[in-house]
Amino acid sequence: LHQRSGRRLKFLGRLQLRPFLREAGLNVRSALEWWQKEMCYDPAVTPAVFRRTYMYQVEHAHGGRGHGRGAFAFACTKTIGFTPPAAGQVHGC
């Protein structure tokens, strides 16, 4: 993954990957553990920063926050409409 190089996955990449992992069967607890581990590869993201900044988004994708419905993975037709990846971004089909 992109963040293995010491940088975190940018917004559109996270937006695309969160519901995909949910639909692939990762429960919210496992997803939180996985996301925290992966995001903390970036030295700027500590466990406290993860909880404050990113935890809500993972819970929201699983239906635990916000409107209460889980997010569904994007189809390729939707993903193609995303802004093309700029430097440091990884997302798309």
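Guide: E59 has a relative accessibility of 13%, so E59 counts as buried. The model is predicted.

Visitor: Where is E59 found?
Guide: The protein has five helices and zero strands. Its elements run α-α-α-α-α from the N terminus. E59 is found in helix α4.

Visitor: Which residues does E59 touch, leaving out those up to four places away in sequence?
Guide: E59 is buried at 13% relative accessibility. The list for E59 is then V28, L32, G64 and R65.

Visitor: What is the length of the polar contact between the side chains of E59 and R65?
Guide: R65 is among the residues that E59 touches. A polar contact needs N or O atoms within 3.5 Å, so the pair must fall inside that limit. The side chains of E59 and R65 are joined at 3.0 Å.

Visitor: Is L17 buried or exposed?
Guide: L17 sits in helix α1. Buried means under 20% relative accessible area. L17 has 18% relative accessibility, so L17 counts as buried.

Visitor: What distance separates the C-alpha atoms of L17 and A73?
Guide: L17 belongs to helix α1. Along the chain, L17 and A73 are 56 residues apart.

Visitor: What share of the contacts with a separation of 6 or more is between residues 24 or more positions apart?
Guide: This figure covers the protein as a whole. The contacts counted have a separation of 6 or more. Residues 24 or more positions apart account for 58%.

Visitor: Which element gives the most to the largest nonpolar core?
Guide: That core holds twelve residues: L9, L17, L21, A31, L32, W35, M39, V45, V49, F50, Y54 and V58. Two or more come from each of α1 (11–23), α2 (28–39) and α3 (47–53). With four residues, the most comes from α2.

Visitor: What is the volume of the largest cavity?
Guide: The whole structure was searched for cavities of 30 Å³ or more, and one was found. The volume of the largest cavity is about 30 Å³.

Visitor: How many residues in the lining of the largest cavity are charged?
Guide: The lining is R14, R18, W35, M39, F50, Y54, Q57 and V58. α1, α2 and α4 (55–61) each give two or more of these. Five are nonpolar and one is polar. Arg counts as charged, so R14 and R18 fall in that class, and the charged count is two.

Visitor: Which element gives the largest share of the lining of the largest pocket?
Guide: The largest pocket holds about 170 Å³ of space. It is lined by L15, R18, P19, Y56, Q57, H60, A61, H67, R69, A71, F72 and F74. The elements giving two or more are α1 and α4. The largest share, four residues, comes from α4.

Visitor: How many nonpolar residues does the lining of the largest pocket have?
Guide: Residues in this lining include L15, P19, A61 and F72. By class, three are polar and two are charged. The nonpolar count is seven.

Terms used
Residues numbered from 1 in each chain as written. Predicted model: local features only at pLDDT ≥ 70, side-chain atom pairs only at ≥ 80, totals over all residues. Heavy atoms only, no water. Core = buried A, V, L, I, M, F, W, Y, C linked by side-chain atoms within 4.5 Å. Buried < 20%, exposed > 50% of the residue type's maximum accessible area, 1.4 Å probe, protein only. 1 Å grid on protein atoms, 1.4 Å probe; cavity = no way out; pocket = protein on both sides within 12 Å on 5 of 7 lines; lining within 4 Å. Points joined across faces, edges and corners; volume = space filled by probe spheres on them. Polar contact = N/O pair within 3.5 Å; in protein donor to acceptor, adjacent residues only side chain to side chain. Contact = heavy atoms within 4.5 Å.
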